[in-house]
Structures are given as C-alpha cells and as structure tokens.
Amino acid sequence: MNTSARTEPQATGLSSRGGSNQWLSWETNFSTQFKFWSREIMIGALSGGLGTIVGHPLDTVRIRMQNRSVPTPIPMYLNHSPYHSTNAPLICIPSNAHSHYSKAIESNTNLNSSTLRSQTIRSSILSIRSLFRGIGAPLLATPLLTATQFSTYQFCSRILQSATHPPEARTVAIISGATAGFMQCFISTPTELAKIRVQSSSLYRGVFDCLRKTCAQEGWQALFRGFGVNAARRVPAFGVYFFSYEEMKKIPQVHTYGLAGTAVIGGLAGVIGWLSTYPLDVIKSRIQNDAAGKFTSTLHCIRYSVQTDGIAFLYRGLTATLIRAFGMHAVIFMTYESARKHFVQ
C-alpha cells in the first residue's frame, strides 16, 4: 500500500477540506511536510516570475500614468520630463527613447531614407526597452511575493478548516486571501517603492542604485513609506481575489477547458481584485514616488492630488492595469495549478 498517499497533504484546489487535521499532527512525517511546503514555495515563486515578465511593460505604463501631473500631451522635442504626460496609455514612454530621431529633425540634417529607417528602428527598440525599466525589483521580489501569497493562503486555509467548527468555504477564501495580502506588504512596500521610482525617473541607474540613494538621502525608514495604504489596498484586494477565483472554479465549464479555463478565471480574478481597491494603489504610487517629501500624510496626498488633478486622478492608468492584471494573473494561476498537479498531488 502506498503510505505516502496517507501522509502527504492533499488538495483538490487552492484549499482542501479532506484530511485537514492530519497535516497539523506532529506524528505526520516531517520530511513529507517539508517536501510539500518546499514545493508550494517553489511553485509559487515560478508562477510569480513568469507573471512578472508578462505584466511588467504595462506595469511601467501604469506607474507613469499614475504619477503624471500634466493632463495634456507635450510635443516630444519640447518635453524634458522622463516620460510624456499623455492620456494615451501606450504612448506614455520616455522622451529620450526618441532622442536620435528628434534631434535629427530639429537640426534639419539631411538624412536619406535608409538612415531615417535605422533611426526609427533604434528609437522603437529603445521605447520597448524603456518599458522594462525597474524590472529588477519585481523579478527578485515577485517570486517571493507569490510564494508568500500561495503558501500563506494554503496555511491559513488548512488552519481554518481544521477547526472544530470550520467556517464555510467562502469565508475561508476571504480570510486566507486577506492574510496573504497583509503578509506580502512587508516585502512589497520597499520593493515597489524602488520599482516605482526607477520606472518614473531617469535619475537612477537601476533598482539597487535607487535603494542605495533612498537610504542615504531619506533614511532606511523611507523604504517602508506607504506601508499603511499598501496594506489597506492589499488586504481587501487579495480577499476578493481568492474569493473570486474559488467561486469561478465551481463553474462546470471551467474544468471542460482545462488550463485555458484556469487561465481565464485566474485573469478575471486578477481584474476583479485590482478593481476592488484601485484608487488606493494610485495614492500609494504617488506617496512612494515622493522623494522630495511633498506629502506629509496620505490625506495630504489625496487633498493635493484632487486640487491639482481632479478626482479622476484616482483612476489614471486603470485600462493598462486591467489588461496587465488579466494577462499576468492568467499566467500565474495557469502555471501554479499545472505545476501543483504535477509536483504536489
């Protein structure tokens, strides 16, 4: 008889009810438990890394749109800001990406069509590369964040389900998801601060240069600027996120389409989670990008932003964010569920 089937924790989805008391017992083989949770962490890290690569370009667009203050476009050759202030999400790219082409025009240099074409191609490549500015921080942090997210969700789910009178599945999903969101804040606050500043400015050579300069000029405490509003966003957002996913998994047609169905509901869960608290993310981005210390508090940031940009600033970058959320979380859940079926169950 296969004894490992009795000792290794099993799960039919992100959470499970069957045999939930067994995993808590110290009589359960330690190596089996260690193997299980190690796999959970590695699978979560893998899914987060792939999701980051897919979603980072649109994340750069989101951050630039959230932090811009000028609502109207500025001509490329007159713009001296790190990125164009524009209402078009996909045109929100650094002005220096087109420097070679615009300088040639300004100086009235006689260029043949071949030279102009090569300048345009180079400009396009620079534009694409600019969308990956600041990817170092999420590539390092997001695998850790998703590992924390899924392992915390599993851990809390099993704790709640092992109670004498366990709550219903919906409550388990909301509480476990909210707890996972809170645990992420200790990692996401400093890494997102560095990512946001690198994405929004050309003053930093990279993520580590940003962290070094921030600590030197503002103190290490500045790395946790925006922790409160970050927690206020993530706790309810991840409760909604996991609740939505678990509820959509109950739709019979989802299982008919296999991984494609998982990708769709994972992407939709990401969209719903972001929609639930998006204005708080805009506020968080502005607070974390405030290296000059212009905002004295969260309320001050809100009042100042409403006065200068209007209430609509709370939804800047929403379109790019939702497109990114669908693609990124579709990849995360598809990778997580497929890897978990193969390695854990």
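Q: Where in the protein chain is confidence lowest, and where is it highest?
A: This is a predicted model, and pLDDT tells you the predictor's confidence in each residue. In the protein chain, helix 1 (residues 4-7) has the lowest confidence, with a mean of 42, while helix 8 (residues 227-248) has the highest, at 96. For the protein chain as a whole the mean pLDDT is 77, and 70% of the residues reach 70 or more.

Q: Over which residues does pLDDT stay under 50?
A: One such stretch is residues 70-91, for which the model has 43 contacts beyond four places in sequence.

Q: Okay, on to a single residue. Is valine 254 buried or exposed?
A: Buried means under 20% relative accessible area. Valine 254 comes in at 9% relative accessibility, so it counts as buried. You'll find valine 254 in helix 9 (residues 252-256).

Q: Which residues is valine 254 in contact with, leaving aside its neighbours within four places in sequence?
A: Look for Met248, Gly261, Thr262 and Ile265. Isoleucine 265 is 11 residues away from valine 254 along the chain, and their C-alpha atoms are separated by 7.8 Å.

Q: And at what angle do helix 10 and helix 12 pack?
A: Helix 10 (residues 259-288) and helix 12 (residues 318-343) pack at about 135°, their axes 7 Å apart. That angle is why helix 10 is called oblique to helix 12. The crossing of helix 10 past helix 12 is right-handed. By class, their contact has 15 nonpolar, seven polar and two charged residues. Among the residues that meet there are Trp274 and Leu275 in helix 10, and Phe326 and Phe333 in helix 12.

Definitions and conventions
Residues are numbered from 1 along each chain as its sequence is written. This is a predicted model: local features need pLDDT of at least 70, side-chain atom pairs count only at pLDDT 80 or more; totals for chains, interfaces and linings use all residues. Side-chain values use heavy atoms; hydrogens and water are left out. Helices (H or I, at least four residues) and strands (E, at least two) are DSSP runs, numbered from the N terminus. Buried means under 20% relative accessible area, exposed over 50%, partly exposed in between (1.4 Å probe, protein chains only). Contact means heavy atoms within 4.5 Å. Axes are lines fitted to C-alpha atoms, for helices over the stretch in contact, and angles run from 0 to 180 degrees between N-to-C directions. Angles under 35 degrees count as roughly parallel, over 145 as roughly antiparallel, 65 to 115 as roughly perpendicular and the rest as oblique. A crossing is left-handed if the near helix is turned anticlockwise from the far one by less than a right angle, and right-handed if clockwise. Ala, Val, Leu, Ile, Met, Phe, Trp, Tyr, Cys and Pro count as nonpolar, Asp, Glu, Lys and Arg as charged, and the others, Gly among them, as polar. pLDDT is the predictor's confidence in each residue, from 0 to 100.
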